[in-house]
Amino acid sequence: MSKFPDQPDSTQIHKRGTSTKNYILTPGSLGLQIRDAIVSNLRSIWLHEELNPKYFPIVEIEHPADLSHGDWACSIALQLAKILKQNPFEIATELAELVGQDNIAGIAKIEVIKPGFINFHLSAAWLAQQTELILKQAEKFGQVENRVGKTIMIEHTQPNTHKALHVGHLRNTVLGMAEVRLHRAVGYEVISTTYGGDVGPHIAKCIYGLRGEDLTKYPTLDDQIKLLADSYVKGGTEESEAAEEEMKRINKALYEQSDEEINTLWEITREWSIAKQKEIYVRVGTELERFYWESEVWRRGVELIQQNMGTVFTESQGAIIFEGERYGLHTRVFMTGQGTPTYEGKELGLESLKMEEYDFDFNVIQVGNDHEPYFSVVIKALEEVFPDKKGVFESEHFGMVSIPSGKMSSRTGNVIFLEDILNEMHERAYAEVDKRYPDLPAEKKNALAETIGIGATKYALLKYDPRQDITFDPEQTLSFTGDSGAYLQYVCVRIQSLLEKAQQQHMSLDAQLSTLDFSQEELTLLRKLYRLPEIIIHAQLEYKPNHLCSYLFDLAQTFNDFYQACPVLNAEKQEIVAARLFLCQATLQVLRNGLAVLGIAVPEKM
RNA sequence: GCGCUCGUAGUUCAAUUGGAUAGAACGUUGGCCUCCGAAGCCAAAGGUUACAGGUUCGAGUCCUGUCGAGCGCACCA
């Protein structure tokens, strides 16, 4: 007997790009039960009609965009019309009839609509039960165990030393940490790392501009960072031949550590940069388990290149190259004519060091999309050098950030600095806090302003598709109203204060629903609350935290509809008060859990 | 010139990877605090998804072409 094709669920799908929506179907979920019921009944039809199992489709179900179309929907009948040589509406009707006979608990109604959609409506009892589960699982709700036992290293952020961080870096680190948390949420063991450029021509430029400076004249970290930025511009805009020769000499000396004066200068200023980076990481909640540096991996890269000369790498015009063209890629230089490794050459050393230090199943490297062609080459070369590591390394490409005045460039000074953004957002949030709570001690105002400012900043960067280039206009992008971090925080804070009031009035906060007589607004809320785990899986598989942002914002809006329409504490009957308090708690839990994955904190009051 | 990515409301972006009437936010206009927090809510206006074909039950999404933008095309990262 020939075999029907496998019907995937969320545990079987590793990566985005898979052509099925069934990644959100977790084992035991109602969605999976519905899908499987459709599959098994369809198989009966298949066998009855004596069709070839080879042509049996992958059955997909999804949440209709419009809730009036039900909670789950399946369009398989439309796809089968041709194969079965039958009207899609008839197929849908027959299938719906058969699935209905399975009496799946939780389904209140199955509808067949127009051309041939089968729509499943969930019962209030099931939704209520599901919501009780949210409160039972508390902060664990939203976590799934799809990838337990797998370890992934995520390399992100990657700022160079000797340069001030700008909005682009902020986007990278905020996205990077969101990816780290999303992967943890689906069960991965995650190693969060970064890799910084601390040797090479870009550093040489800064050192060139720096020479002759009395470093002791710059006592504070901010002065020091300012000096580095100015020096970089000085070196970067110098175009005379003599200066270029000198910078090449400095570069070479940096690699070989052959010049005492340059070494000292480099060591001191490198520490400045790293201190500043760490300060920022603490502020934005970036946690890194291991900092890799070009200076510690380049020799290893050179050795690997030398060991694979003639096989993987070849010499050309004095440089050492990898002939990517043989694989339809670019041919790239891995070692320059001067004998220094390039970005690509160093990368080789980096990956080999990672493998030596850690045992991981995957390593995702998140970089800007301008690096995309290089990474295809680097990964190809890597797989040639380490043939047993095929499929381990993967690069993920983020879109670039430009600003209204054009493309950012540290060299010309057309940049918005990361810290300026954070500070400005802090100040704006402080002004709002001050307006509302003028009597609060300054210390508390500052703490609150920081939570709100950082939250709004992170949300503003996470709500876009990571792969899209974005224009970052601080006036417009960073907002405390509408689709913003502050909006979500506000909804949480308002629920918190509601619950506090309820407690003061000794109302019951049991994680149980005593009524199933829901209003339209309550029902809509219930129909969205249970979806968080699916959203997290979706966001993780596609590396798209913006899906989680959209969901949370939509949930918050749905809650506001409910809040506006339904009095909670002042509801007419005790059991309605209890039911609504219960809904408030569940919403708060889901919002908090989702925001935690995004790295956004919720203040107690605001 | 070649390659990759992209083109959606005045602006910034979504759109469950081919699903149902393309959604938000900002901005604009008008309304809602004697009522659980107005950083909130409601309403209005705003679209031939750059353009032209094609594929099919169905296209913003896939294929072809045109126009336009960004990025990349060996000793920078």
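How far apart are the end C-alpha atoms of helix α1, and what span should its 19 residues have? The first view below takes this up. All views show a predicted model, in which local features need pLDDT of at least 70, side-chain atom pairs count only at pLDDT 80 or more, and totals for chains, interfaces and linings use all residues. Residues are numbered from 1 along each chain as its sequence is written, while chains are lettered from A and ligands numbered from 1 in the order in which they are written.

**View 1. Helix α1 covers residues 30-48.** Helices (H or I, at least four residues) and strands (E, at least two) are DSSP runs, numbered from the N terminus. At 1.5 Å a residue, α1 should span 27 Å, and its end C-alpha atoms are 27 Å apart, so the two agree. The expected span is 1.5 Å times one less than the number of residues. Buried residues of α1 include L30, I34, L42 and W46. A residue is buried if 20 or more other C-beta atoms, placed from the backbone, lie within 10 Å of its own. The buried residues of α1 pack against β1, β2, α2, α3 and β4; contact requires C-beta atoms, placed from the backbone, within 7 Å. After α1 comes E50, with a positive phi near 55°.

**View 2. Five strands form an open, parallel sheet.** The order is β7-β6-β5-β11-β12. At the edges are β7 (290-293) and β12 (393-398), each pairing on one side only. Two strands pair if DSSP finds at least two bridges between them. Neighbouring strands are turned by 25° against each other on average, direction ignored. Strands β5 and β6 are joined by five bridges. Here I152 stands opposite V190 in β6.

View 3. Axes are lines fitted to C-alpha atoms, for helices over the stretch in contact; angles run from 0 to 180 degrees between N-to-C directions.

**View 4. Strands β8 and β9 form a hairpin.** Four bridges join these antiparallel strands. T314 has I321 as its bridge partner in β9. Two residues lie between the strands, and Q317 in the turn has a positive phi of about 50°.

**View 5. RNA strand B is surrounded by 84 residues.** Near means a C-beta atom, placed from the backbone, within 6 Å. The closest residues are K21, A65, T336, D465 and G482. Helix α16 (residues 485-504) gives the largest share of this surface, eight residues.

How values were computed: A residue is buried if 20 or more other C-beta atoms lie within 10 Å of its own, exposed if 12 or fewer, and partly exposed in between; C-beta atoms are placed from the backbone. Two residues are in contact if their C-beta atoms, placed from the backbone, lie within 7 Å.
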